Structure formats: C-alpha cells, structure tokens
Amino acid sequence: MFDPVFIKVLLGTLLLASSSAVVGAFSFLKGESLVGDAIAHALLPGVVLAFILGDGRHPGYLIIGALIAGLIAHYGIAFIEQRTKLKSDTAVSLVLSTFFGFGILLMSYVQRTGQGQQAGLERFLLGKAAAITMVDLYVFTGLALLLLLGAALFYKGFQLMTFNEDFAAAIGLPTGTIRFAFTVLTVLAVTVGIQTVGVVLMAALLITPSAAARSWTSSLPRMLLLAALFASAAALGGTFISAALPKMPTGPWIVLVLGFFGFSSLILAPEKGWLARRRRATSNRNKTQRENLLKLLYGAEERAGEPVAMTAEAMVDAREQHYEGLTKTLRNLKKEFLVVERPDGFALTDLGRIEGRRVVRLHRLWELYLTERLGMAADHIHPQAETMEHVITPEIEALIVKELGNPEVDPHQSPIPYEED
Amino acid sequence: MTPTLAIALTAIFTAISCAVLGAFLVLRKMTMVGDAISHAVLPGIAIAYLLSQSRSSLPMFLGAALVGVFATVVIEILSKKWKVQSDASIGMTFTTLFALGVVLITYWSDKVDLDQECVLYGEIAFVPFNTWTLAGQSMGPIALWSSGILLLLVLIYTFTGYKGLLMSSFNEDYAAVLGIGVGAWNLSLMSMVSVATVISFESVGAILVVALLVAPAASAYLISQKLKPMILLAALFGLSGSLLGYMISAQLDISIAGGIATMLGVQFALILTITQFSRTS
C-alpha cells in the first residue's frame, strides 16, 4: 500500500483537491458555485475533441481543449443571462446538460471508431485517480501549484469582487480583467479537479469544502485554509478507502467523505452549526419562560399586597396560553431557590422577588421610554415591552433610568419598582 | 413493432413528459433542483435494482423516486433552516447522494445489473430487447410501457392541477393569499420530476434527462412567457428535438441519448439566434 506510486498518487490527489477547493471558495462566496458545476460538465466535449483532434495521451491538449470548452460555456451562460429573459438557473442547467450530451455523443463516436485508448477518456466521467500517469501527475500537480499561486496573486481583487463588485469597480479595479482571470482559474481548477473526481462530481470539490469551512469561520483566509484542509482530508480518506476495498472507485469515495465533512460541519460547528443554533434558541426560550413566570408571581404579589402562592393551573390560566414545559421551568426555578413549593402552590423566595421585580421594572421602563421618547401610543407599547424586558442589560437599564430622570410610574400609572437599598 | 419504432416512441414519450414538467421548473427558477433530483435518485435506483432483481418492478421504482423527494427536502432544510446558500445546498446534496449511488452500484456490481455507463447516459438502444411478458404473451418493451404511463401521469397531473400550478408558478404570494398551498404544489411537482427521472433513467441516464427537462422549456420561454403556449411549445420542441436527435444518431451510429441532448441544444441555439435577430431588427 505504501509503494512509491501510491504515495505519489496520494500527494497529487491532495494538491489537486486542495487547489480546486481554494478556487471554489470564491465562487461559493459569490453564490455562483453551480456555474462551476456547469463548466465541469461542459469540459467533457472539449476534452474529447482534444482527444480526437490532437494526441489523446498528451495532457497539454486536454488542458487546451478544456480551457476552450470551459470559456465557451462560461460566456454562453453569461450571454443567455444578459440577452434573454431566462433566469440564471435555466442558463446554467441548459449549458450543463446539452454540453454534456454533446460530450457523450463525441465519446460514443470515439468508442465506435475503436480508438483503443478510450479507457483514458472514461476516467473524466467519474474520475479514476489510479489511472493517472506519471506525466499527468507532474503536469497537473504543476497546474495545481500555479492555481494556488494565482489565487494568492489575485487575492485582493477576488476578495473585493466576491463581496462587492460595484465597490471594486468604483475604486478603479479592472473588474473585467479580474473576472476573466477568475474564469480562467475556475476552468483550470475544474480541469485539475476532474482528474480525481470526474466531471459529474466536480461540483462537490468546488462547493462542499467551502460550505464546511464557512460554518467554522467568518474570516476569508481562515476559510480558504480550512476548505483546502477539508478537501485534502477527503482526498486522503477517499484514496485510502478505495485502495483498501476491492473495486472501489476513488472519486465517489472522495465525494462521500467530503459530504460527510460538509454535513457534519453544518450540524456540529460551534456558533453557526445547527445544534449550536438550536441550543441558543432553546436557552433563549427557557430564559424567557423563567422570567415570565417570575413576573407573573411578582404581579400577583403586587396586586395582593402580600406574598401569595399560585398553582400551576392558575399560571396557565393567567398567561392565557399553554405553557410548554411549565413543570420543568418551575422545577428549575425551585432548584435555584427562586420559588418555593407550598401546599397552596408556588411562591417567590426573596431571591425570586428581586428577579421578578427586575423584569417588571424593565417592562415598565421600556413602556415609558417608548411613549416619552419615541412617541408611541400607550395602547401599542405592551407587546414591544414583552420582548425587550428579556433583552435589556443592566447597563442599558441604568442609561434609560438616567435618561427618563428616575421616573416613578409607567404610562399606565403603575409604579416602577426599584430595589430599596 | 419494429425496434426502431419502439425506441423512437420511448424517446418521444419521455421527451414530452419531461418538457411539460420542465416548463414549470423554468418558470419557478428551479431547474437546478431538477438537476439535483436527477442525480439524487441514483442510490434509490441502486437499492430498487438490488431488491427487485428485475427491471419490471414499477412499484419498486416509484419507491426510488422517494429519494428524489427526500433530496428536495434536504435542500430546503439546508437553505431555509440552516442558512446555506441555495446553490451550495443543491451542489452538496446531489453530489453526495450521487456518489453514494455510484459506490452502492460498484459494491453490488455482481448482484445489480447496472453499470456506470448506463447511469450516465442510459441505454435507450436496448429498449426493444427488454420486453414484458404477461400471461405467456409478450406485451412489448417495458420502457415503452413505462414511458407511456409516465406521459399519461404527467398529462393528468397538468390538467387537474393546472390552476394551482399556474398560480404558484407565477406569483407565490398571490397564490398564498388565494389559499393555494405553494409548498404542497412544489412538493407535488418535485415528486413528478422525481418519478419522471426514475422512469427516464434507464433510457437516457441521469444527466441527459436534465437536457430533456430544461432545453425544450427554455426554448419555448424564448418565444412565449405565457404558461399555456409555453407548455405546448415545450412539448413540441421536446418532440422535434428527440426525433431529430434519434435520426441523426441512428444515421451516424452514435449514442442516441447524446444525440438527443445535442439536438435539443442546437435547437435552443437556433431559436435563440432567431429571437435575437427579430428583436434587434
């Protein structure tokens, strides 16, 4: 398994995968990643024509053929988008499928005329890393290095183009040239990438590493690095799996491993991952529920003028809605000594009273602020305050109190309860 | 029935079905989702082949179509709930499922009568040889039957759902106001695309079915952006493109599916040129 050929194939695959991932990252951020998919499919006729017309074994012809076909596809899509009413998705899928069909037609022609080396052509469909010759390897590895260099050279331009093309044009960048350079780089990246995964699955190499990397970081350089790392790890994993299992294709395995990285990043990544966002949403909801319960109990005490207890049923009635997880919230409040359970229901502890009073205070302060300073009508402010009472921090509270000059009552003439200290 | 007629009819039935569905995809800007479905059904088809061990099990293949619907649901979740750009959601989902399909087919290669070539460009030339026998009597090629049923399904769907499809294609908000479930129509359309892809799969393969879906509808859209003429024109272009493609491939003895996709592309280019000139003059 660790013979020199395997190592070289592995190294080549690593470079090929990471260089296409880096170029793909820019089109990912621009929201044009499926154009890369179309270009990949459209390379097929170019590659086959180069094979028919030129020397089929020479990688130079393949690169030229791919470059021409890729540029035609790119400008074809741009033409359809600009000159007709067709939307960009139609332009992309149209060019993708008809060019690919033409490629299949040409391939069947090569097959029929029995040009023996057609096995070399089939590797472009789904990729066949094992079929890469040493010459290919040197050429494509060189190309991959060139791509990384190109991405580094045009880094500033690409960055500006990606995030704000109008701004790039306004500060006098040659956007036309940069766009052309970017297209050429994309086509070359695809040409390099299809050596390992083929035209059909090339989109994965362009898109998935970036989608995975994007959920871990918001900084562009870090994202590029991570995307390259994910792509390399997938290339490594895919190559190993296909070498270890009999008859297994390399390209699809690389894509599967990549898909695994992509989907698990989207789920697991801290902050932007699905789990983290769900956890945040749950904890927000819990906080709101706790504060609403404390506020409810405080309000009951305020009306009664003395400490009172409420049953869980009474709480549900008072909020006029069914409390999801009411018992759980009450249990947590009990655990934190904010409420105590008595035979006649739940009552606030001293600690709970302070907390409940705080929420009521924020609610009434915000209502006052909305009417006094923002000029809202008194009958419109309640829902706003319901939200803000859970959000306002102590610092902002202090500022509002100061701004309103230590007010005594809210717009409904209810007292604003301060802590007596 | 001669083999030539069987192939031509299968191609025509498939092309018209896809063209009609494609018209809705183009109007909804969802052609790439159609592309994704056509790739994503592959693992479903591989499992269907493994379990049914034959090509005639229609229920099995309708089951495979569920994977296509599953893919659209995954894409929706990725883009709407997980806030991934929609193009990236599509690209991630279909490549992963397609790769899974290829791996499954390779893994079961001695048990599943399917190879990578068939997956990529179908075997419409073999249509006449896969016949269906009922009560000891040959009923003709299976693919002819299934594509005929597909056409019937698509026509019934379009006629019965015309109003809902029309409303939800052009103005989602307005449709929602009228109480037309945009989400439900979307899902039903994607299910139809999924079924169409699975049934066309054997004859034209996973990628060329995209040409059948998009090219006739896009050509029609260049001429008319009204739904009814657009559907009719798309069906017509599907018919003419597939017939021309088939004739040329038969003449030159090359891939029929490739020929059809190429002719659909040429047809689009011609219509594009004509409409461009008539606009400027």
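Helices (H or I, at least four residues) and strands (E, at least two) are DSSP runs, numbered from the N terminus. The model is predicted: local features need pLDDT of at least 70, side-chain atom pairs count only at pLDDT 80 or more, and totals for chains, interfaces and linings use all residues. Residues are numbered from 1 along each chain as its sequence is written, while chains are lettered from A and ligands numbered from 1 in the order in which they are written.

**View 1. Gln413(A) lies in the segment after helix H18 (394-404) of chain A.** Gln413(A) is not a glycine, yet its phi is positive, about 65 degrees. Most residues other than glycine have a negative phi. Gln413(A) is exposed because 7 other C-beta atoms lie within 10 Å. The cut-offs are: buried, 20 or more other C-beta atoms within 10 Å of the residue's own; exposed, 12 or fewer; partly exposed, in between; C-beta atoms are placed from the backbone.

**View 2. Lys29(B) sits in the loop between helix H1 (3-27) and helix H2 (31-40) of chain B.** Lys29(B) is another non-glycine residue with a positive phi, about 55 degrees. Lys29(B) counts 15 other C-beta atoms within 10 Å, so it is partly exposed.

**View 3. Leu21(B) is found in helix H1 of chain B.** Is Leu21(B) buried or exposed? Leu21(B) is buried, with 27 other C-beta atoms within 10 Å. Leaving aside neighbours within four places in sequence, Leu21(B) is in contact with Val154(B), Met192(B), Val193(B), Ala196(B) and Leu213(B). Contact means that the C-beta atoms of two residues, placed from the backbone, lie within 7 Å. Ala11(B) is 10 residues from Leu21(B) in sequence and 16 Å from it in space, C-alpha to C-alpha.

**View 4. Chain B meets chain A through 48 residues of chain B and 46 residues of chain A.** On the chain B side, H2, helix H5 (86-107), helix H6 (116-121), helix H10 (182-223) and helix H12 (256-280) each supply at least two residues. Which helix gives the largest share of that side? H5(B) does, with 13 residues. By class, the side of chain B that touches chain A has 29 nonpolar, 15 polar and four charged residues. Ala, Val, Leu, Ile, Met, Phe, Trp, Tyr, Cys and Pro count as nonpolar, Asp, Glu, Lys and Arg as charged, and the others, Gly among them, as polar.

**View 5. Helix H2 (residues 33-53) of chain A has a kink of about 25 degrees at Leu43(A).** The 21 residues of H2(A) should span 30 Å at 1.5 Å a residue, and the end C-alpha atoms, 31 Å apart, agree. Expected span is 1.5 Å times one less than the number of residues. H2(A) is mostly covered, with 18 of its 21 residues buried.

**View 6. Helix H9 (residues 175-197) and helix H10 (residues 202-214) of chain A cross at roughly 110 degrees.** Their axes come within 8 Å. Axes are lines fitted to C-alpha atoms, for helices over the stretch in contact, and angles run from 0 to 180 degrees between N-to-C directions. H9(A) and H10(A) are therefore roughly perpendicular. Angles under 35 degrees count as roughly parallel, over 145 as roughly antiparallel, 65 to 115 as roughly perpendicular and the rest as oblique. Val190(A), Gly193(A), Ile194(A) and Val197(A) of H9(A) meet Met202(A), Ala204(A) and Leu205(A) of H10(A). This contact divides into six nonpolar, one polar and no charged residues. Leu188(A) also belongs to H9(A). Leu188(A) is buried, with 23 other C-beta atoms within 10 Å, and touches Leu143(A) and Leu147(A), not counting residues up to four places away in sequence.

**View 7. Helix H13 (residues 274-304) and H16 of chain A cross at roughly 95 degrees.** Their axes come within 8 Å, which makes H13(A) roughly perpendicular to H16(A). The contact has five nonpolar, three polar and five charged residues. Among the H13(A) residues taking part are Glu291(A), Lys295(A) and Tyr298(A); Arg353(A), Glu355(A) and Arg357(A) are among those in H16(A). H13(A) has 31 residues and reaches 45 Å from first C-alpha to last, close to the 45 Å expected. Its buried residues include Gln289(A), Arg290(A) and Leu293(A). The buried residues of H13(A) pack against helix H14 (312-319), helix H15 (326-335), strand E1 (339-342), strand E2 (345-348) and H16 of chain A. H16(A) is mostly covered, with 17 of its 23 residues buried. Just after H13(A), Gly305(A) takes a positive phi of about 75 degrees.

Methods. Bend = angle between axes of the 7 residues up to and from the residue.
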